[in-house]
Amino acid sequence: MDADRLYHDPALADFYDLENGWERSPDFTFCRALAEGAASMLDLGCGTGELAIAVSGGRTVVAVDPAPAMLGIARAKAGAGGVEFVEGDARTLRLGRRFDLVVLTGHAFQVFLTQEDRRAALATIAAHLAPGGRFIFDSRNPACREWEEWGPEESMRLLDHPRFGTVSAWNDVALDAGTGIVTYGTHYEIRATGERLSAASRIAFPEKAELEALIAEAGLRVERWLGDWEGHAWQEGAKEIIPLGTLA
């Protein structure tokens, strides 16, 4: 799995928090509430650390991401001292520690492009989950074909960057029908200078049936399948596939 410039290039990572209002997002709210009953949490694919920092008061929090640029932003934030940030890959990570809660949010699970990648990531969750602990992650439902909404016209937006001023942003997208992998481009153009920054990202859209099989194979058990971060039960046509579970 090649490094994604969107997260590994500091110039592009600089836009991440601007594009993602995590504190107002339903996944942030749901996971923060879930962490209330946990003495420790492992945040896989932590990005710029918003969730990890928010829940760190009074509990042990380890936050892992493969991108040094994202971790650099996270470590510079207020409250970051309460979190242990680790550079690592969720497919191979082994900390030798177990946690009451393991989260993998922001659709980070979709960066695992093959079944072997997904199997490895789930094995990591199982290896770090304490008895009685819980895990949660999210993946977009392929039946909703959400990538069809990511074209240039649909995604065009203006950002107010604190250093660059007005920035035009848009995406483009292509589906590989053979593999089901979606490649989407993210483009930023700084209005004042005309400078353009771009990255191409690849994500997979595994079916719920595959996730069910892999979760069971990893020694995990799903307590509830959610269809969104508001907590509604999963049903056909739900936008999200969100397993909330524990060790089998």
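1. In this predicted model, F135 belongs to strand β5. The residue is buried: its relative accessible area is 0%, and the cut-off for that term is under 20%.

2. Leaving aside residues up to four places away in sequence, F135 touches V102, I125, L129, I215, L220, R221, V222, P243, L244, G245 and T246. The C-alpha atoms of F135 and M41 are separated by 9.6 Å, and these two residues are 94 residues apart along the chain.

3. Helix α9 spans residues 208-217, and its buried residues are K208, E210, L211, L214 and I215. These lie on the same side of α9, because the arc they cover around the axis is only 150 degrees.

4. Which elements cover the buried residues of α9? They include α7 (115-128), β5 (129-137), β6 (139-140), β11 (220-226) and β12 (240-247). One of the buried residues of α9, I215, is also among the residues that F135 touches. After α9 comes G219, with a positive phi near 85 degrees.

5. A separate matter is the second largest pocket, which has a volume of about 200 Å³. Its lining comprises 14 residues, and T179, G180, I181, F205 and P206 are the ones nearest its centre. By class, nine of the lining residues are nonpolar, two are polar and three are charged.

How values were computed:
Residues numbered from 1 in each chain as written. Predicted model: local features only at pLDDT ≥ 70, side-chain atom pairs only at ≥ 80, totals over all residues. Heavy atoms only, no water. 1 Å grid on protein atoms, 1.4 Å probe; cavity = no way out; pocket = protein on both sides within 12 Å on 5 of 7 lines; lining within 4 Å. Points joined across faces, edges and corners; volume = space filled by probe spheres on them. Nonpolar A, V, L, I, M, F, W, Y, C, P; charged D, E, K, R; others polar. Buried < 20%, exposed > 50% of the residue type's maximum accessible area, 1.4 Å probe, protein only. Helix = DSSP H or I, 4+ residues; strand = E, 2+ residues; numbered from the N terminus. Arc of directions from axis to C-beta. Contact = heavy atoms within 4.5 Å.
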